[in-house]
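Dear colleague,

Please find below the structure that I am handing over to you.

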Amino acid sequence: MSESVDTGAGHPPDRPVDLEQASTAAPPYNYVSSDISLISALVTPLEQNTQKDGPAVGDTDGATICGLSKKKFWIIVGCAGLIVVIAIVAAIAVSAGDAQQPPTPISMAPSNSSAPTSAPLGPRMFAMSEILLPGVDLSSMDPSTPQYKALQWIANRDPLELEVVLNAELIERYSLAVFFFSTSGRDSWRLKSRWLTSAHQCNWYRVGCNYRKQVTSISLTSNGLRGEIPTELGNLLSLDSMELNFNKLNGTIPSELSRLEQLTNLYIVANSLTGTIPSEFGNLTNLNELWLGTNSLMSTIPSELGSLSALQVLVLYENKLTGSLPSQLGGLAQLTEIGISDNLLSGSIPSELNQLSNIKGAFFYNNDFDGGLDTLLCEWNVDNFYADCLGTPPEIVCGCCIFSFPSALL
């Protein structure tokens, strides 16, 4: 059974308020220094009187301490001690009063009449924002954004009540909360058991972790996700697998995902993604499988993908990719399957692809390639090779196609 989640959207203040006292505040009164001066003022004339008049009445033995009779000495010491104690207590009281004074709550004016009103924000949310959104002015944030909702949830509504300290657990929990709100988790997800509850994020539905309780996998295929992939997923630095196939994700692929250096499998097939394939993906040197098929990705295939020395499967079919195949793909020595069918690719197949000796499946059909492939791809030990090899004249001369697709007839 899915669990309902309260976003708790509200309004931020006009500005973040520092939990410390402002540096321009008047310095506190120096009680200790002033009282020492007072003691000195009391002792000096007594010393002078003692030196002038001799031993005080009652001091029959005439004994003195530091030039004072014993009685006067201990009276002065007692008074001085009492003054010092009073000064210390007063200083502590003033300091405690300053530290406990909360920042002035300020509500951000709604941008329109339909915007929800906000309760005053407490110091915990301000402290959280300094860690999770450094440099961001809360007054400039729209309360309806996934980032604001996630910040408000983790600061004020998260039953786990994490300590306000910069650490991996806080960052990962916040990042997953942003992902939940960004993909309509409350209204659209089919299953969301334990998400945004008191459970540790490793126990949220389809989230996997290692023994250190660091997030290593997200598997939410066909789960009704609707919205954009947030950049905050790039904070899950231990992530090695992400499966978001067959959802309704739109927008672009965040280049921040290139920070996931442990990532081995990325599956985002059958969504509505637009924009380009981030060239920064060339940094994902541990990537084994990259599946981005059946979207609306445009522009060219980044040549940087040729740096993915561990890549075994590259699936980019059914997009709107243009241009020619980059020759750098010939460096993918571990590649066993390449699927680039149903795009707008053109030109000839670069000869560098002849180095792909491990290819078992190649899907090139429904593009605008030209030239011959007999001396190239037919040397591969290909189990399945699909290309535009029919028609009069054929777009591609290919004597070893296992199955042929004449693009003019499709």
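The notes that follow cover the disulfide, the strands and the helix packing.

Please bear in mind that this is a predicted model.

I begin with the cysteines. The count comes to one disulfide. Cys202 and Cys209 form this disulfide, and their sulfur atoms lie 2.1 Å apart. The torsion about the S-S bond of Cys202 and Cys209 is about -95°, so the disulfide is left-handed. The two partners can also be described by their accessibility. Cys202 has a relative accessibility of 16% and therefore counts as buried, the cut-off for buried being under 20%. Cys209, with a relative accessible area of 26%, is partly exposed.

Cys209 leads on to the strands. Strand S3 covers residues 207-209 and runs antiparallel to S4, to which three bridges join it. Within this pairing, Val215 in S4 is the bridge partner of Cys209. The hairpin of S3 and S4 has five residues between the strands, and Lys213 in this hairpin takes a positive phi near 60°.

Strand S4 also pairs with strand S6 (residues 241-243), here in the parallel sense and over three bridges. In that pairing, Ser217 has Ser241 of S6 as its bridge partner. Strand S4 itself spans residues 215-219; four of its five residues are buried, so the strand is largely enclosed by the rest of the structure.

I turn now to the helices. Two packed helices are described by the angle between their axes and the distance between the axes.

Helix H3 (residues 123-132) packs with H4 at an angle of about 125°, and their axes are 9 Å apart. H3 is therefore oblique to H4. The crossing of these two helices, H3 and H4, is right-handed. On the H3 side the contact is made by Arg124, Met125, Met128, Ser129 and Leu132, and on the H4 side by Tyr148, Leu151, Gln152, Ile154, Ala155 and Asn156.

Helix H4 (residues 146-157) also meets helix H5 (residues 168-182): their axes come within 8 Å and cross at roughly 130°. H4 and H5 are therefore oblique to each other, and H4 passes H5 in a right-handed crossing. The residues of H4 in this contact include Pro146, Gln147, Lys149, Ala150 and Trp153. Among those they meet in H5 are Leu170, Arg173, Tyr174, Ala177, Val178 and Phe181.

With kind regards

Notes. Residues are numbered from 1 along each chain as its sequence is written. This is a predicted model: local features need pLDDT of at least 70, side-chain atom pairs count only at pLDDT 80 or more; totals for chains, interfaces and linings use all residues. Side-chain values use heavy atoms; hydrogens and water are left out. A disulfide is a pair of cysteine sulfur atoms within 2.5 Å. Buried means under 20% relative accessible area, exposed over 50%, partly exposed in between (1.4 Å probe, protein chains only). Two strands pair if DSSP finds at least two bridges between them. Axes are lines fitted to C-alpha atoms, for helices over the stretch in contact, and angles run from 0 to 180 degrees between N-to-C directions. Angles under 35 degrees count as roughly parallel, over 145 as roughly antiparallel, 65 to 115 as roughly perpendicular and the rest as oblique. A crossing is left-handed if the near helix is turned anticlockwise from the far one by less than a right angle, and right-handed if clockwise. Contact means heavy atoms within 4.5 Å.
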